[in-house]
Amino acid sequence: MNTSHVKEPEAQERTKQLSLLLVDDDAELCGMMREFFAQTGHRLECAYNGREGLTCALNGAHDLVILDVMLPVLDGFGVLTQLRRRKSVPVIMLTARVQQQDRIQGLDAGADDYLPKPFDPDELLARIRAVLRRTEAKIPAAAGALSIGAIRLNPSTREAWSAGVLVDLTEMEFDLLEMLIRAAGRVVSREEITAALFEREATPYDRFLDVHISHLRKKLENGPRLIRTVRGVGYVFAGAN
């Protein structure tokens, strides 16, 4: 975060007050972020090391956790791994590191999004809202099941089966698979997927989709490739072929 000053928050859409947890050992940053979120009508609790943050995340009723990677006692990856074993609260990771492997490790551990430091508070708030819109979205009960080849989805219950076997998918994996199946046979661009699921523009170095596609393939494919990569363009679901 640019610490020279905190911008006055722009006019924000009226939403419910959010209960957020920030786990970061930078006390100055935590103070400024607490002030920023108070100005936008939300409540921010802070924890200053990984062990304390994990305890707060497990025992609290937070809408979302903002988790730094570089933490004393227990690093952010360790916090996220243990948190995901017991709770599905959305998590946005913060990282001052530039290596893609750190971001991929966070995604593998179950992060919903990441934001590199320094960051703009307004962008963080926008990311929070995008993650919550995605995780809290409700599919109408009348939505019918989708079935192509051996893959079957039920958007109403958010369940997926492969060859009749229930598959454990994360929220993001389900959303991505549903989007590809609804467009089966058509190449869906990276830009289209990123705009729909992350509500932002794709960047050349963004590995989010690669990681999630890799996870889907491991969970669904046992033979012919169901999700094909069209190099430089995007992905196509070819499960019926």
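**Close-up 1. Leu 153 stands opposite Ala 160 in β8.** In this predicted model, strand β7, which spans residues 151–154, and strand β8, which spans residues 159–162, pair in the antiparallel sense, and four bridges join the two strands.

**Close-up 2. An open sheet is formed by four strands in the order β6-β7-β8-β9.** The pairing within this sheet is antiparallel, and its edge strands are β6 (146–148) and β9 (165–167), each of which pairs on one side only. On average, and with direction ignored, neighbouring strands of the sheet are turned by 20 degrees against each other.

**Close-up 3. Helix α6 lies across strands of the sheet, namely β6, β7 and β8.** The helix comprises residues 171–182, and it runs at about 115 degrees to β7.

**Close-up 4. Helix α2 packs with helix α3.** Two packed helices are described by the angle between their axes and by the distance between those axes. For α2 (residues 50–59) and α3 (residues 76–84), the angle is about 25 degrees and the axes are 9 Å apart. Because angles under 35 degrees count as roughly parallel, this makes α2 roughly parallel to α3, and the crossing of the two helices is right-handed.

**Close-up 5. Residues of α2 and α3 meet where the two helices are in contact.** On the α2 side are Gly 50, Arg 51, Leu 54, Ala 57 and Leu 58, which meet Val 79, Gln 82 and Leu 83 of α3. Sorted by class, the contact of α2 with α3 contains five nonpolar residues, two polar residues and one charged residue.

How values were computed. Residues numbered from 1 in each chain as written. Predicted model: local features only at pLDDT ≥ 70, side-chain atom pairs only at ≥ 80, totals over all residues. Heavy atoms only, no water. Axes fitted to C-alpha atoms, helices over the stretch in contact; angles between N-to-C directions. Parallel < 35°, antiparallel > 145°, perpendicular 65-115°, else oblique. Left-handed = near helix turned anticlockwise from the far one by under 90°. Contact = heavy atoms within 4.5 Å. Nonpolar A, V, L, I, M, F, W, Y, C, P; charged D, E, K, R; others polar. Pairing = 2+ DSSP bridges.
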